[in-house]
Amino acid sequence: MNREWLEKDFYKELGVSSSATQDEIKKAYRKLARDLHPDKNPGDTKAEERFKTVSEAHTVLADPEKRKEYDEARRLFTSGGFGRGGYAPGGGYTGGGGFSNEFNLGDIFGGAAAGAGDGGLGDILGGLFNRGGGAPRTASRPRRGSDVETETTLGFREAAQGATVPLRMTSPSPCTTCHGSGAKPGTSPRVCPHCNGSGVVSRNQGAFGFSEPCEDCRGTGSIIDDPCVDCRGTGVQNRTRTITVRIPPGVRDGQRIRLAGQGEAGLRGAPSGDLFVVVHVSQDKVFGRNGDDLTLVLPVSYSELVLGTTVSVPTLEGRVGVKVPPGTADGRTLRVRGRGVPKRDGGGGDLLVTVKVAVPQKLDDEAAEALRSYAEAEKAAGFDPRAGWAGA
């Protein structure tokens, strides 16, 4: 849990209440992200900063676990205490067996200043008391970077066949100067001699064993004597980058594509989070979709249905001939095997062709006379289209 989380009202940033559903949070974010996206507001630094803030809020609130952690930490923080004691805004832990006054709130929650570490509230509460008198943890875990979500829109046929799209993003990334270590180039962090790299120190108080963050390394397990000047020892910088994303064939509208390790960078060389790309698919003038099957409506004449014909229809990979058998009823669906949406196993869905009679709005005299003659012949042959209908 980053200290900055507690200083921001993510619900207010998205314009939703703290009791909002996940769908309401998602809808609010999408609207704001579309309006504030840097591509839509070139050169507008205020919109860019607001976009970053909205994205950060969504990253936390869209994840049920992170949202629960955020809500609980905010509740405890605003109430002024954790159990018997509390964290004073300018000092240390005020409860029994607490931290010294030299250990401030920034140290507890893991700040982003020079030499700041990644030991946050979750790590502290998890290792504050050694349950059952067990041994304290022996190594500090690097804090993974946050996941990031962005959006892209594909044409219907691009989504069906797969596509490669460039995404321009502004987010925390590994510092290019120190390559994420936080140390000045040519130097390296050293193991903290006080905690031997564990990030915590232990002491006994009565029947309990306590583990608390090491004051020398601020819970990180390492010390940077000469921080990188560009990232101030965090190993992270905000920068704009272009990521090439391969969208697999058959992606559906609203589907999320996960790119491991392409999210926000972790502090001081910790693993990066993941990038989730939400794909929106625009409609097509010809094709529809039903699972892995493509659908289309084929206009035909009455005579083609009665006498039968072969009609050329489009597919994702060119045109094919579809045979309409004689006597085909209007609205019947004909199936063309393997001409639908490609599957990952190498196969494909089917193309479902629904025939629909196109009625001419006007006929010349010759055509009208021929049609009247046909109607008489049809009646003489005993054909009644309403035979048995509605009790007739």
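A residue is called buried here when its relative accessible area is under 20%, exposed when that area is over 50%, and partly exposed in between, with a 1.4 Å probe and protein chains only. This is a predicted model, in which local features need pLDDT of at least 70 and side-chain atom pairs count only at pLDDT 80 or more, whereas totals for chains, interfaces and linings use all residues. Residues are numbered from 1 along each chain as its sequence is written, and side-chain values use heavy atoms, with hydrogens and water left out.

**The whole chain**

Begin with the protein chain as a cartoon, which shows 10 helices and 15 strands; helices (H or I, at least four residues) and strands (E, at least two) are DSSP runs, numbered from the N terminus. Of the 392 residues in the protein chain, 41% are buried. A contact means heavy atoms within 4.5 Å, and of the contacts between residues at least 6 apart in sequence, 63% join residues at least 24 apart. The chain exposes about 21800 Å², with carbon and sulfur atoms supplying 50% of it; accessible areas come from the Shrake-Rupley method with a 1.4 Å probe, and for residues only the protein chains shown count as cover.

Next, select Cys192, Cys195, Cys214 and Cys217, which UniProt lists under "binding site" in an unreviewed entry. UniProt positions are given in the numbering used here, feature names are shortened, and annotations may be inferred rather than shown by experiment.

Centre the view on Cys192, in the loop between β3 (190-191) and β4 (200-205), where Cys192 is buried at a relative accessible area of 1%. Leaving aside residues up to four places away in sequence, Cys192 touches Gly197, Cys214, Asp216, Cys217, Gly221, Ser222 and Ile223. Cys195 is found in the loop between β3 and β4 and is buried, with a relative accessible area of 7%. With residues up to four places away in sequence again not counted, Cys195 touches Val200, Val201, Cys214, Cys217 and Gly221.

Which cysteine sulfur is closest to that of Cys214? The closest one is in Cys192, at 3.7 Å, which is too far for a bond, and Cys214 is buried with a relative accessible area of 0%. A disulfide is a covalent bond between the sulfur atoms of two cysteines; the rule used here asks for a pair of cysteine sulfur atoms within 2.5 Å, and by this rule the count comes to 0 disulfides. Cys178 is likewise in no disulfide, the nearest cysteine sulfur being that of Cys231, 3.7 Å away, and Cys178 is buried at a relative accessible area of 7%.

**Two residues with positive phi**

Most residues other than glycine have a negative phi. Select His179, whose phi is near 60°, a positive value in a residue other than glycine; His179 lies in the loop between β2 (163-174) and β3 and counts as exposed at 68% relative accessibility. Then move to Arg232, which has a positive phi of about 60° although it is not a glycine. Arg232 is in the loop between β6 (222-223) and β7 (236-247), and Arg232 is exposed, with a relative accessible area of 60%.

Select Leu351 in strand β15 (residues 351-357), where Leu351 is buried with a relative accessible area of 0%. The C-alpha atoms of Leu351 and Thr315 are separated by 7.8 Å, while the two residues are 36 residues apart along the chain. Not counting residues up to four places away in sequence, Leu351 touches several residues, including Phe287, Leu294, Leu296, Val313 and Thr315.

His280, in strand β9 (residues 275-281), is buried with a relative accessible area of 18%. Beyond residues up to four places away in sequence, His280 touches Arg30, Glu151, Thr152, Thr153, Leu154 and Asp253.

**A nonpolar surface patch**

Finally, switch to a surface view and select Tyr302, Val306, Leu307, Leu363, Leu371 and Tyr374, which make a nonpolar surface patch of about 570 Å². Patches are made of residues with over 30% relative accessible area and no salt bridge, where like charges are joined within 9 Å and nonpolar side chains (Val, Leu, Ile, Met, Phe, Trp, Tyr) within 5 Å; a salt bridge is a side-chain nitrogen of Lys or Arg within 4 Å of a carboxyl oxygen of Asp or Glu. Helices α9 (302-307) and α10 (365-380) each supply at least two residues of the patch, and the largest share, 3 residues, comes from α9. Leu371 lies in helix α10 and is partly exposed, with a relative accessible area of 48%.
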